Amino acid sequence: MNKVLFQILTNNQIAKDVYRLILSGDTGGISAPGQFVNIELEGFYLRRPISVCDWDDKTLTLIYKTVGEGTKALSKLKTGSLNLLTGLGNGFDLSACGKRPLLVGGGVGTPPLYGLCKRLIERGAEPTVILGFNSADEVFYEEEFKCLGAETLVATVDGSHGVKGLVTDALKVLTQDFDSYCACGPEPMLRALYKALDIKGQLSFEERMACGFGACMGCSCKTKYGSKRICKDGPVLKADEIIW
Amino acid sequence: MPDLSVTLSGIKLDNPVIPASGTFGYGAEFKDFYDINILGSFSFKGTTKEPRFGNPTPRVAECVSGMINSVGLQNPGIDAVINEELPRIATYFKKPVIANIGGFSVDEFVYCAERLSVSEQVGIIEVNISCPNLHKGGVNFGSDPKAAAEVTAAVRKATNKPIYLKLSPNVESITEIAKACEDAGADGISLINTLLGMRIDIKTRKPVIANKMGGFSGRAIFPVALRMVYEVSKAVKIPIIGMGGVASAENVIEMMMAGASAVQVGAENLRNPYACKEIIEALPRVMAELKIDRLRDIVGVA
């Protein structure tokens, strides 16, 4: 965990209500895809937790949706610096993914899977990706996943792009076997995947949080192995420890 | 060399800065940010007899210059605190801690105080009779002078450690309750706990917090806290730990001028994990600017 000042390089809209923020700064605190950063915003008391999409030694890519006043204010910042707590949360365990993992992103849950997909391919794995959105105007990063070399399917609820329906409908199109799955998205999607797939899964959860580093107990959830903090013991939890 | 040291019931603290209970866990998360031995002490997470999961989520809501929480005293229970947390604290914190205890009955407060009394790591027992997020059987020891005195007297008998009663601002007369605690044998008073507050999500038309209401804390409550510390300090002779919205070295000094012998920092730790470190580092400079040689000399000067 580090508190670091980052410089805004770009902050552009890439889909309906979705922005990509690229920052430069010390990313040394980040160790795994699926971790998040907590951003201090002028005029807002609490920081805004946003999952890491991708990073290298000097730059950090975040993708976020404007869901409230804080993220709306963030979307208007085009230059300047931001104070971040980085490397928060546990992230996905790449060693538990196997040779053929399935990665499933729902809406703005998609970004952390990009960093995961990239690193899995670097390790020689062959991930398959399913992305789910409401409609074509919300779709982002389909090409980016394809450029990494991953088989990528998109599902939209209204059928305006890709498979019509939910990620579980796209799943039916696929015939191959998977070793494991990793998913991030709305809880009903995570639950549907857990029911549909009989393999090891890693699921990234979301919860309202205050500190983001395990102190306030604002984001606790009950699991089969006791109470866990989404921010510190998660956001990635094993599918079989969840009490659905 | 400015002198930051203060004394609470015979326990000398290097400085008056103490992270407040519920915002600092048992210290483990913060020791990853900085060496927490620079703190005067810290007040650990409110501990009850049995483990508690607490309230349903969402438990937090943002406000202008503050936040609302309704965690509901989530803690691992007194056995785990004594057998696991205190030994772990000993590995990274070498000073006496403030042991914050909660309870649903006088017996539970007594039980927790007795169990913690034998620990050499515990400097002060802070008795939380003011949690706004517990409503079991309608008992709220902190809102009635008689009930507050009853808890104080019972805990007094159960331990030789200094006991500080942590008071709620959500009462008719906080000075009456403070006086009742003093008369019943309290060594000191901690105030204020959070103010009862609420937010509604105007899109869903429902309260943001699952438990509907929660405790409002953060910078916004500083003037209210300061006023209450001032009032209580005029009403009692025992030392006061002042808290509520403290976010800077200047706030610490102001709180001490109002009558606090030491100061706790709460919600600010959650938005800036380095808050206490930054405050402690800024204190000598601010003292120099204000020509304060010894911090303890300003207690109650206002």
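What share of the contacts in chain A with a separation of 6 or more is accounted for by residues 24 or more positions apart? The share is 61%, where two residues are in contact if their C-beta atoms, placed from the backbone, lie within 7 Å. In chain B, among contacts between residues at least 6 apart in sequence, 72% join residues at least 24 apart.

The model is predicted: local features need pLDDT of at least 70, side-chain atom pairs count only at pLDDT 80 or more, and totals for chains, interfaces and linings use all residues. Residues are numbered from 1 along each chain as its sequence is written, and chains are lettered from A and ligands numbered from 1 in the order in which they are written.

**The two chains**

Helices (H or I, at least four residues) and strands (E, at least two) are DSSP runs numbered from the N terminus.

**Domains of chain A**

Chain A is divided into domain 1 (2-88) and domain 2 (94-204), with bounds from an automatic or database domain assignment. The C-alpha centres of the two domains lie 23 Å apart. Domain 1 of chain A brings 14 residues to the contact and domain 2 of chain A brings 13 residues. On the domain 1 side, strand 1 (2-15), strand 4 (48-55) and strand 5 (59-65) of chain A each supply at least two residues. Strand 4 of chain A gives the most, with 5 residues. This side divides into 9 nonpolar, 2 polar and 3 charged residues; Ala, Val, Leu, Ile, Met, Phe, Trp, Tyr, Cys and Pro count as nonpolar, Asp, Glu, Lys and Arg as charged, and the others, Gly among them, as polar.

**The sheet of chain B**

In chain B, 7 strands form an open sheet in the order 3-15-14-9-8-7-6, with parallel pairing; two strands pair if DSSP finds at least two bridges between them. Strand 3 (17-19) and strand 6 (97-101) of chain B are the edge strands, each pairing on one side only. Strand 9 (188-191) and strand 14 (240-243) of chain B pair in the parallel sense over 3 bridges, and B:Leu191 stands opposite B:Gly242 in strand 14 of chain B. Helix 6 (222-235) of chain B lies across strand 9 and strand 14 of chain B, running at about 165 degrees to strand 14 of chain B. Axes are lines fitted to C-alpha atoms, for helices over the stretch in contact, and angles run from 0 to 180 degrees between N-to-C directions.

**Contact between the chains**

The contact takes 26 residues from chain B and 21 residues from chain A. Strand 4 (60-63), strand 5 (66-69) and helix 8 (268-271) of chain B are the elements that give two or more residues to the chain B side. By class, the chain B side has 11 nonpolar, 10 polar and 5 charged residues.
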